[in-house]
Amino acid sequence: MTEQVRKPRARRTFSAFGEIRKMPSEYEIVTHGQNWTTRQNRTSAFEQNPSSAPNMWFKTYRDNSALQAHDWEQFRDPDQYTYRTYVNAQAESELKVHGVLEEYSAAGSAAALAPGWVETLATLYTPSRYPVHGFQQIEAYIGHMAPTSYVTNAAGLATADFLRRVTTIAYRTRELQLAQPSSDIGTDHERRVWETHPGWQPARKAVESVLATYDWGEAFTALNLVLLPTLDDVLSRQFGEIARDNGDELTWLLHGFLDADNQRRNRWSIALAEFAITQQPTSASAIDKWVARWSPIADAAAQGLATILAETPEIPRNADAVTAGAKAAREGLLRGILAPAEAVAKVSAP
Amino acid sequence: MTLLKREEWQGFVRDVDWTPTYVDYEAIYPEWHCGTGKVPREAWQGWEESYKVSYPEYVATQREKESSTYAVKAALQRSNTFQDLDEGWKSATKMHFGGVALVEYAAVIGELKMARFGLNGSWRNMATFGQLDEMRHAQITTFFGHEFVGQDAQYDWTQKTFHTNDWVPIALRNLFDGMMVAPNVVDLAIELPFTFETGFTNLQFIALSADALESGDVNFANMISSIQTDEARHSQQGGPTMEILVEHDPVRAQWVIDKSFWGSARAFAALTGPAMDYYTPLEHRKQSYREFMEEWIIDQYIHTIEDYGLKKPWYWDEFITGLDTWHHGLHMGLWYWRPTVWWRPKAGVSKDERAWLASKYPNWENVYGDKWDVMIDQVNANNVAATLPETLPWLCSTCHLPCCNATPSRNGEWKVRTWQLDYDGKKYHFCTNACRQIFWKDRDNVNHETLIDRFLAGQIQPMDVGGILNYMGMTPDAMGDDPDYGAWTRDYIGRAVEGIAAATVQGATQ
């Protein structure tokens, strides 16, 4: 140990990147190998009794999940978001949100809405802070359990996006409450609708079921690949369009701004599924199986919400069209990562 | 027309709990993740944060902070300040980058756990901001450390440390896994935001920020003071959780807080203690580690826990006594086993430095002086090899740090001893009595092989210093050594050599 140490060539970056020629990006430097519970050559996730309950949880629901890859550290978020990129982009986007909120508030638009549309907002929009908070919780779990910091960070930022969405809903709830004092917006009505309205019950069942799904790969598939692509289409795209049809341009505009968050989440979620399948082909059958299990649940959730959109607004939209649109949106997103339907049917047959 | 004030609508953001019926409550909020224990479920409805923040406020404020911190960094990058920094100070920053960057990330994982399993909607929302804050801290610390990798390979350990089985990260993973990620969210909210963030991070961040400025490292001061401004926001998850737990289960609250305070105190004695009392250049030291602990931790902490109706921890006397010994023993250990650390620990025991140590710690010469004299005499006899380790220290089965705490005997002699426990057919050794007590109470979780256990079980091959360094992931370019032996030994050249050193010195001269 006392012999002279020869000075090797100076490093350009962390040794964790191996012998690479290309300098890693700032995104990679600050994201790579941040979670020590995923380190190589570990006996357990946590530096404590390997059979402690926390270690068993991570072993069962993360390390032994059917969603596998050889080297998760090779995954990259297509948008390469860091914390700094995120707060810059979201601060900018929130300024736009505030701009339209101010503009429409000055025009007194909330007071001028048609009664059927106010009821639609009270039934579908203001109660949606509950399921969106549920999405926030599930996304946090995905981040907590993910097998690499590259996924944890993407999921952590998506968790914050849901808080952003709840915040926007909350703001508008108060605004509508003030503008429409005879409606029951902003009372205990929202929770009651979420807990008991028939249109919401399949969605609530879906959210509660994913909350109780502990395998991280299944939770990720159920939420990010199945439930959200389906419900985003109903609650963001179609709801925005129907709002505009009913003279509520503000809702349409806001959903347009916030949908950028959904699109970013879709991009890394699809990239993650493709990555896992490419690295470990058995991941494909796991994803197929989970998509097959959760798709009917997501379709039922869309269908429930479609009944509200078909019945309540002055200018409604056909329920079957809403449901079919949502299903098509999900299938469009998943096209390319799923095996053909007949192959899935064969796999899941007893 | 202006926007509605936050107070008008924030109630809706906070009110997001519902009663599940399709799935059992227990399946969504499993007890061992949520840890409600004796607290009735309804009690959590009263959870309320004192410092409220909204999403748009958050992103706007944080964007400003980020741009100013990175602007300072960019400006300083063009200067040569790094080259001019003292080696001791550089070591303090290497310890910080390697010891802290990924701990911030462990806090991301912990905050995400509270964002999922927290027992109240507004708690989960605060944790959502909390995980963003911790992501910022992990990224900024990693990025600032990365800047120096090309100039000094030891900065590679900014990212590498916690991926290795070096004894320092084993000890720190054991502590932080146990208080930041693995516990149920009630315990976690008390251990991480309450004890650790409102208590101890002050120590590392305020103390080091002051020392950084004194040492001319504006960039480092800029980074850590910006990080510190986030703590007030997410650390407040501890208070409301504490209030509810104390009301319904004060015994548990006391235990959780006592245990995490102790673990934090041990780790900070290893990391912050040597940085403050030995590595920071003498002329730049503001306060001793003990003085800083007294001012920033002890008074404030006792005051806080008494406000919640709790008592001083049971081990208080042992802790206070340890302020005069723990970090001195650990410093000596870090210096002696310097090939196992990713910085250059300076001994810091020149005559002037010893005079300072003796003025701050009246027993210092009595307990540590003669040990350092042996090292000094060996160095002055050109026998540095004799000051290098050939074996391993015994590690404590709770804190995984070396058992190196001197305590006085009845005859006035100070000795390093261990506290022992026979359990399940095995003899365990602990550095302190409280570590032994914590092990006993938490034995299902903390019963975990130390590096020494692994060594003795043959998991580390070959069973020599080279094998150990390899197991620790230590490479020659990052291996620690004293940056300047002469700095602390030249004061003593020519003096008479006594004790152990005399024999080897004599042997060497023959």
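This is a predicted model: local features need pLDDT of at least 70, side-chain atom pairs count only at pLDDT 80 or more; totals for chains, interfaces and linings use all residues.
Trainee: What makes residues of chain B count as being in contact with chain A?

Mentor: Two residues are in contact if their C-beta atoms lie within 7 Å. On that basis, 76 residues of chain B are in contact with 72 residues of chain A. Several helices of chain B each supply at least two residues of the side that touches chain A, including H4 (55–77), H6 (87–117) and H9 (167–181). The largest share, 13 residues, comes from H7(B).

Trainee: Which classes of residue make up the side of chain B that touches chain A?

Mentor: That side has 43 nonpolar, 20 polar and 13 charged residues.

Trainee: How do you know that the span of helix H6 of chain A agrees with what it should be?

Mentor: Helix H6 of chain A runs over residues 149–179 and has 31 residues, so at 1.5 Å a residue it should span 45 Å. Its end C-alpha atoms are 45 Å apart, which agrees.

Trainee: Why is H6(A) called largely enclosed?

Mentor: A residue is buried if 20 or more other C-beta atoms lie within 10 Å of its own. In H6(A), 28 of the 31 residues are buried, so the rest of the structure largely encloses this helix.

Key: Residues are numbered from 1 along each chain as its sequence is written. Chains are lettered from A and ligands numbered from 1 in the order in which they are written. Helices (H or I, at least four residues) and strands (E, at least two) are DSSP runs, numbered from the N terminus. Ala, Val, Leu, Ile, Met, Phe, Trp, Tyr, Cys and Pro count as nonpolar, Asp, Glu, Lys and Arg as charged, and the others, Gly among them, as polar. The expected span of a helix is 1.5 Å times one less than its number of residues. A residue is buried if 20 or more other C-beta atoms lie within 10 Å of its own, exposed if 12 or fewer, and partly exposed in between; C-beta atoms are placed from the backbone.
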